[in-house]
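Please locate each residue in the structure as it is named.

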Amino acid sequence: LRYLGSKTSLLDDIFRLTNEVVSNGVLCDPFGGIGTVGNYFKQKGYQIITGDILTFAHCFQVARVVNDDFPDFMLFKKKMGIVDIAGFFNTLEPTTGWIVREYSEKRQYFSEINSGRIQSCVDMIWKLYEDKILLHEEYAYLIASLINSMDQVANTAGTYYAYLKKFNRKSNKNFIYKLITPSTGSQGCISQRVDAIDLVKNHKYDVLYLDPPYNERNYQRYYHLPENIATRTIPESNKTISGVYVEKAIKSDFNNKNRAYNSFCEILNNSRFKCLIFHYTDDGIIPVNLIRNTLSKYGTVEEFNLNCRAYTTKQNVKEVNHHIYRVINNI
Ligand SMILES: C[S@@+](CC[C@H](N)C(=O)[O-])C[C@H]1O[C@@H](n2cnc3c(N)ncnc32)[C@H](O)[C@@H]1O
């Protein structure tokens, strides 16, 4: 899944800067998104405590960070008399429903045939969950795998904020349900769907990795369809062009000009760490000078500039300056 603000291309740099100071132990990633950083550091031997306010992000974290192996699916396999989970989803008959209606017939997010197949997978996973045939981790894993597979054939430029005018090579491909490969590495990793502040307070972490949103783009709106699938929310039929549907808004202070800085301070005041890695862009809501001054109260601050490809829907890729602030707590 292509994720806004993903650090995939910077993982080696983030690891090097962290590892120079703390080479093992517990790493907390409270703005974990789809688990990209957690997945990488788990494989390097760190124990990961990760979180996010979005449910679909939590599902990805379970699949990519918490799971050490494929879940057992004991009840599911027994009930359906199957061994091949992906094969089971790939042979479901296409059906009709809200995804077909809202995101294929009205808005071309998926081809007609793919939308019917995605719909039948969604309906099946929801039903298995409601019938208590799946454990929480199994449900999260099936949902993340579904969203990841669906994204491979979505007629979008990355997020679900808009669809493209014409179907292209990607969206004309056949939908195939694929299971996400669990990661090996340190065991005992945890994911919680909570606000960042709740994950950091009352704990001491060897590494605290903070990668909050840095502009006003609200992740719940950009990923409304994955989030609605993960929370089992059927959108009300609406006439908007893009079909963005949010039942209960989950707002983040980090998207808000008036509140981002206070939240940043609150997190720092409630954190205990040996090494803090704070990732932020130079043109973000919180100004660079304010970040520098604030961080210096918590230890020795070093700054590293990384060039990062900013997300853009256009073909031309914009380069922006990303800053990594490394704070070594020597208090
Ligand atoms: C910049 S992204 C993280 C990207 C991630 N490091 C990666 O490489 O894919 C920020 C994430 O923070 C989450 N978020 C925003 N506000 C939050 C809050 N107050 N508490 C927890 N998560 C939050 C968003 O849902 C989003 O997934």
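The paragraphs below treat the ligand, then a pocket, and then several individual residues.

The model is predicted; local features need pLDDT of at least 70, side-chain atom pairs count only at pLDDT 80 or more, and totals for chains, interfaces and linings use all residues. Residues are numbered from 1 along each chain as its sequence is written, and side-chain values use heavy atoms, with hydrogens and water left out.

The ligand is surrounded by 19 residues, where a residue is near a molecule if one of its heavy atoms lies within 4 Å of it. The closest are Tyr3, Lys7, Asp52, Asp211 and Ser252. By class, this shell has 10 nonpolar, five polar and four charged residues. In this scheme Ala, Val, Leu, Ile, Met, Phe, Trp, Tyr, Cys and Pro count as nonpolar, Asp, Glu, Lys and Arg as charged, and the others, Gly among them, as polar.

Which atoms of the ligand lie 2.7 Å from a side-chain N or O atom of tyrosine 3? An oxygen atom of the ligand is found at that distance from tyrosine 3. A nitrogen atom of the ligand lies 2.7 Å from a polar side-chain atom of aspartate 211. Alanine 196 contributes through its backbone, with an N or O atom 2.8 Å from a nitrogen atom of the ligand. Taken alone the ligand exposes 610 Å², and the protein buries 99% of that; these accessible areas come from the Shrake-Rupley method with a 1.4 Å probe.

Attention now turns to the second largest pocket, which holds about 230 Å³ of space. On a 1 Å grid over the protein atoms alone, a pocket is an open set of points where a 1.4 Å probe fits, with protein on both sides within 12 Å along at least five of seven lines, and lining residues have an atom within 4 Å of a point. The volume is the space filled by probe spheres set on the points. Of the 14 lining residues, Gln220, Glu227, Thr231, Lys248 and Ile250 lie nearest the centre of the pocket. Helix α12 (residues 224–230) gives the most to this lining, with three residues; helices are DSSP runs (H or I, at least four residues), numbered from the N terminus. The lining has four nonpolar, six polar and four charged residues.

Several residues in helices are buried. Glutamine 119, in helix α7 (residues 112–130), counts as buried because its relative accessibility is 1%, the limit for buried being under 20%, with exposed over 50% and partly exposed in between (1.4 Å probe, protein chains only). A polar atom of the side chain of glutamine 119 lies 3.2 Å from the backbone nitrogen of tryptophan 98. Helix α8 (residues 136–151) holds glutamate 138, which is buried at a relative accessible area of 5%. Isoleucine 147 is also placed in helix α8 and is buried, with a value of 0%.

Most residues other than glycine have a negative phi. Lysine 132, in the loop between α7 and α8, has a positive phi near 60°; at 67% relative accessibility, lysine 132 counts as exposed. Arginine 232 lies in the loop between α12 and α13 (260–269) and has a positive phi near 55°. Because its relative accessibility is 30%, arginine 232 counts as partly exposed.

Definitions and conventions
Helix = DSSP H or I, 4+ residues; strand = E, 2+ residues; numbered from the N terminus. Polar contact = N/O pair within 3.5 Å; in protein donor to acceptor, adjacent residues only side chain to side chain.
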